[in-house]
Amino acid sequence: MNSLIAGVILILCLSSYFFGRSEARKLVTQNIKLKALPAYYGYYLSLWCGLPALIIFGCWSLFEPTIIKVLILNNFPQIESKDLFYEQTLSFFNGNFSGEITNEIKAASIKYSSINVIAQNSKIVIIAAALISSLTFAYRKIQNNNKARDDVEIILKVLLFTSSLVAILTTVGIIVSLLFESLKFFSTINIFEFIFGTSWSPQRAFVRDASAITPEELLELQDAFGSVPLFAGTAFIALIAMCVAVPIGLFSGIYLAEYASTKVRKYSKPIIEILAGIPTVVYGFFAALTVGPFFRTLGESLGLTVSSESALAAGLIMGVMIIPYISSLSDDVINSVPQSLREGSYAIGATKSETIKKVVIPAALPGIIGSILLAVSRAIGETMIVVMAAGLAANLTINPLESTTTITTQIVMILVGDQEFDSPKTQAAFALGLTLFIATLILNYIALRVVKKYREKYD
Amino acid sequence: MTKEQRLKKRYRAEKRFKMYGLISVSLAVIFVLILVQNIFSKGSSAFSRTMIEVEVNYDSSLLELDSPINQNSLKDADFYDLAVESLLKIYPAKDSKEERQILRLFSPDYEFEIKDFLIKNPNKIDQVVPVKITASDDIDQLNKGNFPRDLPEDRRRVSNYQLNIYDNLVEKEKINKKFNNYLFTKGDSRDPELAGIGGSLMGSFFTIIICLILSFPIAIMASIYLEEFAPKNKITDFIEININNLAAVPSIVYGLLGLGILLSVMEFPRSTPLVAGITLSLMTLPRIIIPCRASLKAVPPSIREAALSVGASKFQTVFHHVVPLAMPGTLSGTIIGLAQALGETAPLILIGMVAFVVDIPSSPVDPSASLPVQVYLWSEQAERGFVEKTSATIMMLLGFLIVMNFIAVYLRQKFEKKWN
C-alpha cells in the first residue's frame, strides 16, 4: 500500500515535469515572453507536486503506528503490560500468534482493523487533497508566467540547506540519546561513585525495575558501578598502542617524506595505508587467535604467566592499526614544511638527520602532536580489537601481561543480545558512552585546533 | 675529539637515523604481510569440503510412500531410516554406541543430502547408488590436516574407532574433497561444515545499499550547500564544526544512537539491515561530506567565473559545471566511505545484528547478520572448523574492500581533471 502511494506520487511528479514544460511552450506560441526556460516550469510544477505530498506521506507513516497504538491502548486501561499486549494483538491480527488468545486481544485486534481502515483511507484522502491543491496552485502560477527559475532555485536552496542540517541533527541525536539514559542512570547511582569508584561489576545489578529498588539494593548497587578500572584499562591499552604506533608511525612518516626514493614511496605508502583500511574486526580476530596465544606460549617458555587475553596483545595490535594514521598525517605535515628551511640548514653544514631533528620536526611539531592526539582518540574509541582480544573482568593493573577491560568492551558486553531497558545496567552503558563521547570530543577539538593554528602559520 | 672523528660520529648518527626510518617502514609492511598470510593460510581450506562416498540403497519399502513415486511424494517422505541403514553399512559396528560414532562421521544434514540426491535423480529408486555425503566437522578437519593424530584419545575429538573407519575409507578412496558451495549458499549454522555466509552477504548487501541511498544524496547536497552557497555566518561555522567532530566520533557511539533513538524511541525492527543502514549512513555522512567538499573546492574559480560571465545563474553554474567536474572525486570519496561502513562491526552489534539467523534475508526488514558481524560471531565459537570459516569470511570481506578501493582509485585517476 505504502509503496503504491509513493509510486503514484513519483509518477505524478515525473509527468507533471513534462506537463509543465509543454504548458510553458504553449505560452511561447501565444507570443508571451517567458521569464525562464520551459524546463524550469516543469521543475517548478514537479517540485510543487511532489514535495508537499511526500512530506505529508513521510510524517504520516512515521507517526501512524504510535498514534494507533495509543488509540487502542486507551480502550484497555486495565491491561498491565501494555507493550506486550499490543505486540500480541498485532501478531494475532497478522495471523501468526501462538499463545493464549484472550478476549481483550480479540477485541483489540477488531479495534485495530477498524482504526487501520480509517487511517488508510484518511491517509489517501489527505495526500490526494495535498496533491490536487498544490498542483492547482503551481499550475496557476505557471499560467501567470511567474519567475519559475528563481522559485525553483529558492526551493532547491532550502533543500540543500536542510540536508546540511542533518549533521547538526545527528549531533543532537547522539547527545540526547546519551544524556537521556545517563541522567536516568545518575538518578539511581551517584555520579561521583561512577567517576571515582574503583570496583566495576555490573552483573550484580540484576534489578529489573529501576523504580522499585529497595534502599539495601541501592547501597549494594552504589559500588557496582565504579568506572575507574575501565578508565585505567582504556588508558593503559591506549598507552601500549601509542608506544607501538608513535615511533613506528613517526619514523615511517619521516623516512617516506625525507629519505625514500620515489619508487619506494610509491609502493610502500599504499601498503602501509592498507593497515588503515582493514576492518577492526579482522585485527581483533588476529589478536585473539594468533597474537594472544603466541604471547602466552612465549611467556610460558620464559617462565612468565601471560593471560591469553593480555593487554599487551590487544595494545600491540591496536598500535599496528594506528600506524598509518600517524605516518600519513606526519608525512603530510613534514612535506608542508617549506623547503627553504631545509636549505638554510644544509647551507650551514648540517647533515640530513640533523636538519630533520633540529629544523623540520620542530617546525612540524604542532601537526605531529595533532596527529598523535587524533590517534589517541581513535585508540580509546576502538572497540572490536579490545572486545575480542582484551579481557572482560575489570581489574586495576599495570601489568601488561594480565587482562584488563576497557570502556568500549564493557558497553558491548552490557548491550550485546537482549537487554532490558530501564535497568541501571543498560543505562550504565549509555553513561560510559557519554564519557567516551566527551573524551574523544575534547581530544579531537584540541587536535583540530593545534593543526589549524599550524597551517595558518605557513600557508 | 678531532674534527675527523666528530664528522665520522655525525655521519654514523645520520646512518642510524636513516636505518630507524627504514626499519619502521619495513616493520609496517611486514605486519601487513604477516596479517594477510595468516588469514589466507587459515582460510583457504574453507573453500573445500570433505565428502564421504556411501553406497545408498534407495529401497522404496523403507520410505513408506503411500502415493505413486514422483517429486512431491519424495519431498514429503521420511528418509531417516533409509539413510541410517545405508550409512551404518560403511563399517561393522558392535553396539549402538559405535553406531552413533559412525553417524557422527557425517554432517547432521545427511538425511537431506540423501533425499536431495533422489529428488534430482528419481529414476535411481530401488537401486544401490554411490552418493557423496558431507563429512562432519571433525572428519573434515582431520582430512585437511588440522587435527594432530598422535594425541592420546581423550584429548582428540575423534575416537580411535572413528580413526580406524576414516583410515579404512581413505584406503578405499571413499573420501574426497569438493568445492564448498555451502560456504556461499547457506546461512549460519551451529555445525561448521554446514555454516555459510549467504545470509550475512545478503545482510551486508542490503545494509550498504540503504547506506548508499541515504548518505550519498544528502552528503552531496550538504557539501554543495556548504561549499557553494553557504554565507559565512555562525550557523555555517556551527555546521562545519559538527561535521568535523562527527567524522571523529567513535563508531560505537553511533551504535548507542541507533539503539537509543531508532530502536527504543522510533521502534524500528531489531537486527535488520534497515536499522543498520540508517545507523551506518549517519556515521558515513560526515566521512563522505569531507572528501566531497574537497573535490568541489578543487574545481578552479575560473570555471565558475566563465559560466557566470555568459549569464548562467549561480545554480546553473554549480549544477551544470562545478558538480559534474567534481563528480569523480565525490564518487570515489563515497565509495571509500561505504567501504569503511562495510567493515564496521561495533555499531551493528549494539543494534542487535548479532542474532543467530539461519534463514537468508530476502528484504531489508528481515533479521540478518552482516559479514564483519559474522566474523565476530564465528570467532567466538569453539569448534576448529569455524576458524577456517572465519578466515574465509575475512578473505571475502577484504576482497570486497580491495575491489571498492580499487574502483575509487581508478575513478579518481581516470576521470579527475588536473587543473595545473
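Residues are numbered from 1 along each chain as its sequence is written, and chains are lettered from A in the order in which they are written. Because the model is predicted, local features need pLDDT of at least 70 and side-chain atom pairs count only at pLDDT 80 or more, while totals for chains, interfaces and linings use all residues.

Chain A contains 16 helices and zero strands, where helices (H or I, at least four residues) and strands (E, at least two) are DSSP runs numbered from the N terminus. The radius of gyration of chain A is 31 Å, well over the 23 Å that the globule rule gives for 459 residues, so chain A is more spread out than a compact globule. The radius is taken over C-alpha atoms, and the globule rule is 2.2 Å times the number of residues to the power 0.38. The C-alpha trace of chain A spans about 85 × 70 × 35 Å along its principal axes. In chain A, 42% of the 459 residues count as buried. A residue is buried if 20 or more other C-beta atoms, placed from the backbone, lie within 10 Å of its own, exposed if 12 or fewer do, and partly exposed in between. Of the contacts in chain A between residues at least 6 apart in sequence, 78% join residues at least 24 apart; two residues are in contact if their C-beta atoms, placed from the backbone, lie within 7 Å.

Chain B has 18 helices and three strands. Its radius of gyration is 30 Å, whereas a compact globule of 420 residues would have one near 22 Å. The C-alpha trace of chain B spans about 90 × 80 × 40 Å along its principal axes. Buried residues make up 45% of the 420 in chain B. For contacts in chain B between residues at least 6 apart in sequence, the share joining residues at least 24 apart is 76%.

The contact between the chains takes 69 residues from chain A and 64 residues from chain B. On the side of chain A that touches chain B, the largest share, 20 residues, comes from helix H5 (residues 148–188) of chain A. This side of chain A divides into 43 nonpolar, 21 polar and five charged residues. Here Ala, Val, Leu, Ile, Met, Phe, Trp, Tyr, Cys and Pro count as nonpolar, Asp, Glu, Lys and Arg as charged, and the others, Gly among them, as polar.

Two helix pairs within chain B were examined. Helix H1 (residues 3–43) and helix H18 (residues 384–415) of chain B pack at an angle of about 125°, with their axes 7 Å apart. Axes are lines fitted to C-alpha atoms, for helices over the stretch in contact, and angles run from 0 to 180 degrees between N-to-C directions. H1(B) and H18(B) are therefore oblique to each other; angles under 35 degrees count as roughly parallel, over 145 as roughly antiparallel, 65 to 115 as roughly perpendicular and the rest as oblique. The residues in contact include Ile39(B) and Phe40(B) of H1(B) and Val387(B) and Met395(B) of H18(B). By class, this contact has six nonpolar, two polar and two charged residues.

Helix H10 (residues 198–229) and helix H15 (residues 314–342) of chain B pack at an angle of about 140°, with their axes 10 Å apart. H10(B) and H15(B) are likewise oblique to each other. Among the residues in contact are Ile208(B), Leu212(B) and Phe216(B) of H10(B) and Val318(B), Val322(B) and Leu338(B) of H15(B). The contact of H10(B) with H15(B) has 12 nonpolar, three polar and one charged residues.

Most residues other than glycine have a negative phi. Asn31(A), which is not a glycine, has a positive phi near 65°. Asn31(A) lies in the loop between helix H1 (2–29) and helix H2 (38–74) of chain A, and with 6 C-beta neighbours inside 10 Å it counts as exposed. Glu173(B) also has a positive phi, of about 55°. Glu173(B) is in the loop between H8 and strand S3 (175–179) of chain B and, with 8 C-beta neighbours inside 10 Å, counts as exposed.

Ser159(B) is found in the loop between helix H7 (137–143) and helix H8 (160–171) of chain B. With 16 C-beta neighbours inside 10 Å, Ser159(B) counts as partly exposed. Not counting residues up to four places away in sequence, Ser159(B) touches Gln101(B) and Glu153(B). The C-alpha atoms of Ser159(B) and Phe319(B), 160 residues apart along the chain, are separated by 72 Å.
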